[in-house]
Amino acid sequence: MERNIGRIWVALLVVALAVVVIVQGDSLTPVDVGTGEGPFLTALVQLGILYVVALFVERSLEVLIKAWRQGGKTRLEEKARAAEESGSAAAESELQEYRAGTQKRALLVGLTLGILVSLSGVRLLGPIFEFGDAAAPFQQAVFQFTDIILTAGLIAGGSATIHELMALIDDFLKASRRRAKQ
């Protein structure tokens, strides 16, 4: 049971998110940035917004995890230092296992915070693509659900991931402008 607790939480979050998206329907509308300058620039603006949000989430997550797990880490580090003198590697292994558990918990809490932020309206795909009236309500709900999960994953992945995506889009735009001038 302990081994699968992360999977259980993720499954519960996905089910809860699906229920919210289906029940709320069109009331979960994304933030409109209103640039009107094309999908790539809109994506870049959205990634900039997500970058700032990810920085806030990272910092709050760092504080939460430190308050939550620092005592155990300090205790295991002292135990590992004492065991190092006697030549035992078991304490170091226990410390590494504790660190891995902390990373797993940080990712789950980060994903949860990302889902909450995404449910509040900060999303990546919604402002880039427009459905109009032609799309079926089910298709719109699936799109919103996918947008929420994708945005939450990007936020949980941290600001470095979003910065890399921004750089990739910026490089693509610069290369396109150079080709257009030639």
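Me: What makes the contact between the side chains of Arg59 and Glu62 a salt bridge?

Reply: The N to O distance between the side chains of Arg59 and Glu62 is 3.1 Å. A salt bridge needs a side-chain nitrogen of Lys or Arg within 4 Å of a carboxyl oxygen of Asp or Glu, so the pair qualifies. The model is predicted, with local features needing pLDDT of at least 70, side-chain atom pairs counting only at pLDDT 80 or more, and totals for chains, interfaces and linings using all residues. Residues are numbered from 1 along each chain as its sequence is written, and side-chain values use heavy atoms, with hydrogens and water left out.

Me: How many salt bridges does a search of the whole structure find?

Reply: One. Arg59 and Glu62 both sit in helix H2 (residues 39-86), three residues apart, about one turn of the helix. Helices here are DSSP runs of H or I with at least four residues, numbered from the N terminus.

Me: Why does Glu62 count as partly exposed?

Reply: Its relative accessibility is 45%. Buried means under 20% relative accessible area and exposed over 50%, with partly exposed in between (1.4 Å probe, protein chains only), so Glu62 falls in the middle class.

Notes:
Helix = DSSP H or I, 4+ residues; strand = E, 2+ residues; numbered from the N terminus.
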